[in-house]
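Thanks, everyone, for making the time; I would like to walk you through one model this morning, going from the whole chain to individual side chains. Please have the viewer open while I talk.

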Amino acid sequence: ADGAMFVGRTWNLNSPSAPLVEVPKLTNIEFDEMNRVIITGRAKVQASPDAPVVENGFKLRTKLGTSGNGRYIGLRDPELAILLECPRAWEKNILQAASKLNLPRPTKPQPVVLFIPLGTARKLEAEAPRGFDLGPDNEITSIWIDKGALRFKLSAVLRPGKFLGNNYIAFSVPIRTFIITRDRVRAAIRSARLNKRQAIMEERKARLAVTLAE
C-alpha cells in the first residue's frame, strides 16, 4: 500500500524504485478464536527493480473491516508471522550425535510462530477511506464469522433492465454485475412462500404433539 514500510524506507506504488511483491498462490485461509483471518501462501519479493526475486512462504494475520460507511472493505491491523524453528543443519547434527551415543531419537520441537504488526495501528474513523471499493451503490452493513466462514450483509441499489425480451434487476460491484431475471425472482418468492407454509405446518404439528402428550 502507499506509504508502507520496507526495510526502513517508505514508497509510493507508482514509484519506479518501489519494491515488487507478487502473491502467486494462497495455500490456506482460516480464522482464529478471535475471528481474525490467517492467510498462508507464497510470495515473490523484489526489493528494487534491479534486485533478485526472492520467493518465500508467508503467514499473515489480520482483521477485516470497512470504511466510508461500508463502501470500502479491506485488511485492518495486519500482522506478519515470524517462524522460529530448528535449522535443518542443527537437526541433522543432533540426530547424528544421538545415534552415535545410542540415545533415543529426539522429537523435533514444534516451530514457534510470532506475529509482528505491520505499521502503526490507527483508528478507522481518523483514516481516509481505503480498501476495495464496492462502488457508490453498495454498502456492507455488517461482517461476522460463523462456523469458520466469513459472512456479511450487503446493502445494494437494484436497477431494473430488459435484455432480449427478459426483464431483470441487477446490482453491480467493480468488474462484476449480478443479474436476477424476473423468472428467478418469481421462483424465489414461490420457494419462500412454500418454506413458510412448511414451517407453519411443522410448528402446528409440534404444538399438537405437546397437547396430546399432556
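This is a predicted model: local features need pLDDT of at least 70, side-chain atom pairs count only at pLDDT 80 or more; totals for chains, interfaces and linings use all residues.

Of the 214 residues in the protein chain, buried ones make up 15%. The protein chain exposes about 16700 Å², and carbon and sulfur atoms supply 57% of that area. Among contacts with a separation of 6 or more, 37% are accounted for by residues 24 or more positions apart.

Which residues make the nonpolar surface patch of about 550 Å²? The patch is made by Leu 80, Ile 82, Leu 84, Val 112, Leu 114, Ile 116 and Leu 118, and the elements that give two or more residues to it are strand E6, residues 72–84, and strand E7, residues 112–117. Val 112, which is found in strand E7, counts as partly exposed because its relative accessibility is 43%.

Glu 79 counts as buried, because its relative accessible area is 16%, under the 20% cut-off. Leaving out residues up to four places away in sequence, Glu 79 touches Arg 36, Lys 59, Leu 60, Arg 61, Phe 115, Ile 116, Pro 117 and Leu 118. Two of those names come back together: the charged end of Arg 61 sits over the ring of Phe 115, 4.0 Å from its centre. As for aromatic pairs, the structure holds zero.

Next, Ile 38, whose place is in strand E4, residues 37–46. Is Ile 38 buried or exposed? With a relative accessibility of 10%, Ile 38 counts as buried. Apart from its neighbours within four places in sequence, Ile 38 is in contact with Asn 28, Ile 29, Glu 30, Asp 32, Lys 59, Leu 60 and Arg 61. For Lys 59, the C-alpha atom is separated from that of Ile 38 by 6.8 Å, although the two residues are 21 apart along the chain.

Now the charged pairs. Side chains of opposite charge can pair when their charged atoms come close, and a search of the whole structure finds six salt bridges. In one of them, Arg 36 pairs with Asp 32, the closest N and O atoms being 2.8 Å apart; Arg 36 counts as buried at 14% relative accessibility, and Asp 32 is buried as well, at 13%. Another joins Asp 133 and Arg 71, with closest N and O atoms 2.7 Å apart. That pair links distant parts of the chain, since Asp 133 lies in strand E8, residues 132–133, and Arg 71 in the loop between E5 and E6, 62 residues apart. Asp 133 is partly exposed at 25%, and Arg 71 counts as partly exposed at 26%. A further salt bridge runs between Arg 151 and Asp 146, where the closest N and O atoms are 3.6 Å apart.

Finally, two backbone details. Asn 35, in the loop between strand E3 and E4, has a phi near 60 degrees, a positive value in a residue other than glycine. Asn 69, in the loop between strand E5 and E6, likewise has a positive phi of about 60 degrees although it is not a glycine. Asn 35 is partly exposed, with a relative accessible area of 44%, whereas Asn 69 is exposed, at 69%.

Key
Residues are numbered from 1 along each chain as its sequence is written. Side-chain values use heavy atoms; hydrogens and water are left out. Patches are made of residues with over 30% relative accessible area and no salt bridge: like charges are joined within 9 Å, nonpolar side chains (Val, Leu, Ile, Met, Phe, Trp, Tyr) within 5 Å. Accessible areas come from the Shrake-Rupley method with a 1.4 Å probe; for residues, only the protein chains shown count as cover. A salt bridge is a side-chain nitrogen of Lys or Arg within 4 Å of a carboxyl oxygen of Asp or Glu. Helices (H or I, at least four residues) and strands (E, at least two) are DSSP runs, numbered from the N terminus. Buried means under 20% relative accessible area, exposed over 50%, partly exposed in between (1.4 Å probe, protein chains only). Contact means heavy atoms within 4.5 Å. Rings of Phe, Tyr and Trp (its six-membered ring) pair if their centres lie within 6.5 Å; planes under 30 degrees apart count as stacked, over 60 as edge-to-face and the rest as tilted. A charge sits over a ring if NZ of Lys or CZ of Arg is within 6 Å of the ring centre and within 35 degrees of the ring normal.
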